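Reader: Before I set up any calculation on this protein, I would like to go through its fold and its packing with you, one point at a time. Could you show me the sequence and the structure?

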Amino acid sequence: KSGTEPRGLIAVAGQSEPTVPVIGLMTGDASPVVPPGLGSAVYDFLLLPRDEERLGLVIRNALRWREASRVLHEKEAELHTLDEVGRAIISSLELKTVLNIIMEKIRELVQSEAWSLLLVDEKTGELHCSVAVGEHADNLRQFNVKFGEGVAGWVAREGKPVVIHDVNEDPRFFNERETDLGFKTRSILCA
């Protein structure tokens, strides 16, 4: 925007996209003073005329900083979720309530459409959906799996976790229940 002070531009950039580092350019007679409130927005300063080698180094470092900030933010979200799970465990003596809270928090963390917890029914030996969260939770709760059947049955039998990015490419996927569940499964994380 015409007539906007550089500090105003930095502030706008820092507010609209806080993970993008700002590199300040200044003449040789200026001092690298960061205006109040912009300390975290300005990554580094370069003197004009620009030294291409130093500019390249600063940009590479700024991109590394941005990636490290993104990873740190993800880890912070994961720790927050684990904290909430821990609070849920100690807040209720009702197993079903605790499991529902844990499953909802895991769904938020993994960002899935639906999530379920299958437990072995000792009477039938089948896996029964004990907890389900997401849009199709009611359909998932009706879900029973024979030991060794489908991905969940295979994981229960083998005792090994599995991640399937495309269920159409995995012969363990039991797709006969797709219509009953009311949604199309694209990928599976099962442990």
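Predicted model: local features only at pLDDT ≥ 70, side-chain atom pairs only at ≥ 80, totals over all residues.

Reader: What percentage of the residues of the protein count as buried?

Author: The accessible surface comes to about 13,200 Å², and 55% of this area belongs to carbon and sulfur atoms. Among contacts with a separation of 6 or more, those between residues 24 or more positions apart account for 37%. Of the 191 residues of the protein, the share that counts as buried is 28%.

Reader: Which elements are included in what covers the buried residues of α5?

Author: The buried residues of α5 are Gly150, Val151, Ala152, Gly153, Trp154 and Val155. Just after this helix, Gly159 takes a positive phi of about 70 degrees. The cover over the buried residues of α5 includes β3 (114-120), β4, β5 (144-145), β6 and β7.

Reader: Is Val155 buried or exposed, and which residues does Val155 touch beyond four places in sequence?

Author: Val155 has its place in helix α5, and because its relative accessibility is 6%, under the 20% cut-off, Val155 counts as buried. Its C-alpha atom is 9.9 Å from that of Arg172, a residue 17 places away in sequence. Leaving out residues up to four places away, Val155 touches Lys160, Val162, Cys190 and Ala191.

Reader: How far from the centre of the ring of Trp154 does the charged end of Arg172 sit?

Author: A search of the whole structure finds zero aromatic pairs, but a charge does sit over a ring in the case of Arg172 and Trp154. Both of these residues are also in contact with Val162, as are Val151, Val155, Ile188, Leu189 and Cys190. The distance from the charged end of Arg172 to the centre of the Trp154 ring is 4.4 Å.

Reader: Which residues does Ala132 touch, not counting those up to four places away in sequence?

Author: Ala132 lies in strand β4, and because its relative accessibility is 2%, Ala132 counts as buried. The C-alpha atoms of Ala132 and Ala114, which are 18 residues apart along the chain, are separated by 7.3 Å. The residues that Ala132 touches are Asn100, Trp115, Ser116, Ala137, Leu140 and Arg141.

Reader: Why does Trp115 count as buried, and which residues does Trp115 touch outside four places in sequence?

Author: Trp115 lies in strand β3, and Trp115 counts as buried because its relative accessibility is 15%. Its C-alpha atom is 7.8 Å from that of Ala137, 22 residues away along the chain. Its contacts outside four places in sequence are Met103, Ile106, Arg107, Val110, Val131, Ala132, Val133, Leu140 and Leu189.

Reader: How far apart are the end C-alpha atoms of α2?

Author: Helix α2 has 40 residues, and at 1.5 Å a residue the helix should therefore span 58 Å. The model agrees with this expectation, as the end C-alpha atoms of α2 are 58 Å apart.

Reader: Which residues of α2 are buried?

Author: Thr81, found in α2 (residues 52-91), counts as buried because its relative accessibility is 8%, and Thr81 touches Lys105 and Leu109, not counting residues up to four places away in sequence. Glu84, also placed in α2, is partly exposed, with a relative accessible area of 22%. The buried residues of α2 are Val58, Ala62, Thr81, Val85 and Ala88.

Conventions: Residues numbered from 1 in each chain as written. Heavy atoms only, no water. Contact = heavy atoms within 4.5 Å. Helix = DSSP H or I, 4+ residues; strand = E, 2+ residues; numbered from the N terminus. Buried < 20%, exposed > 50% of the residue type's maximum accessible area, 1.4 Å probe, protein only. Areas by Shrake-Rupley, 256 points an atom, 1.4 Å probe, with all protein chains shown as cover. Expected span 1.5 Å × (residues − 1). Phe/Tyr/Trp six-rings, centres within 6.5 Å; stacked < 30°, edge-to-face > 60°. Lys NZ or Arg CZ within 6 Å of the ring centre and 35° of its normal.
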